Amino acid sequence: MYKVVIASSNENKIKEFQEILKPFDIKVIPYQKLLKKDVEIEESGKTFSDNAKIKAEAICEMTGLSTFADDSGFCIKELDCFPGVFSARFAEEVGGYQSAFEEIRKRLNGKCSDAKFVSVIAFARKNEKTICFEGTCYGFTIFPPRGENGFGYDSIFVPNSFGRTFAEMTSEEKNLISHRAIATSKFLEFLEEWKNSLNKKRSEKSSVNKTTNEKEETVVVEEKILTETIDTQKSDDVFEIEVDEKFVSNIAPVSQLEDEKV
Ligand code: IMP
């Protein structure tokens, strides 16, 4: 089991990511579990990528751990991609999603419009350039809203080639086709490569050490113990190997994370 931190306070989103990544042996840890508090991060970007980067980089900086964040939203073609990056704020400002649906229906004059959900995942790591992965799910709007599942704009969106809204699908069905699932599969591909490159770096480092003095041999032995521990745990915590020592001693020891039920 591998672990990565998620920079989000949205419980639905955290749950969706946990469900999507679980079959790939990746545990998603909400940052609040580590920092023991919520952090207010202003999403001041003009694009989904800008906002995802802002969140991931801020939490990566605070925790010292590899962190991902997604920024997502609902874009209605007839309304020039509104509400887009304002999806959450718009619903909040008009007093909730039912009012947002009513407002959108009025703005569309009762017409149906092409629409899409977009998700961008930003993955921030210490001393590395933040990398982004985008997923889009195309479909159209429908009124009145239909379905009880999901969240946000799910009940007024029908993905193309499906006769049901997102809110009429089970979370398993939605997770197969959603914007977040598409962005996540790109992210997963990257994580696989990254895991391989981390392992390669580690084994190169240990073979260089073998040829040096006694002090360095101790490091090799420690490294070997660490590697063996990781092997026995089916490579649990590969991402935490990169943890800043300061963080580990000040905030949450890795061993504690292993015990936590997330
Ligand atoms: P974020 O948390 O800043 O990414 O805000 C995204 C907002 O877009 C959410 O609060 C919802 O209003 C909307 N949204 C994003 N993804 C979905 C989805 O899968 N279903 C429904 N609404 C979504």
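The exercises below concern a predicted model.

**Exercise 1.** Determine whether N175 counts as buried or exposed, and describe its surroundings.

*Solution.* 
Step 1. Locate the residue: N175 belongs to helix α6, which spans residues 171-177.
Step 2. Apply the cut-off: buried means under 20% relative accessible area. N175 has 15% relative accessibility and therefore counts as buried.
Step 3. List the contacts: leaving aside residues up to four places away in sequence, N175 touches E16, E19, I20 and A181.
Step 4. Examine the side chains: those of N175 and E19 are joined by a polar contact of 3.2 Å.

**Exercise 2.** Identify which parts of the chain the salt bridge between E43 and K55 ties together.

*Solution.* 
Step 1. State the pair: the side chains of E43 and K55 form a salt bridge, with an N to O distance of 3.5 Å.
Step 2. Consider accessibility: E43 is partly exposed at 29%, whereas K55 is buried at 8%.

**Exercise 3.** Explain why the salt bridge between K55 and D71 ties together separate parts of the chain.

*Solution.* 
Step 1. Give the distance: the side chains of K55 and D71 meet in a salt bridge of 3.1 Å, N to O.
Step 2. Compare the locations: K55 lies in helix α3 and D71 in strand β3 (residues 67-76), so the linked parts are 16 residues apart in sequence.

Note on methods. Residues numbered from 1 in each chain as written. Predicted model: local features only at pLDDT ≥ 70, side-chain atom pairs only at ≥ 80, totals over all residues. Heavy atoms only, no water. Helix = DSSP H or I, 4+ residues; strand = E, 2+ residues; numbered from the N terminus. Buried < 20%, exposed > 50% of the residue type's maximum accessible area, 1.4 Å probe, protein only. Polar contact = N/O pair within 3.5 Å; in protein donor to acceptor, adjacent residues only side chain to side chain. Contact = heavy atoms within 4.5 Å. Salt bridge = Lys/Arg side-chain N within 4 Å of Asp/Glu carboxyl O.
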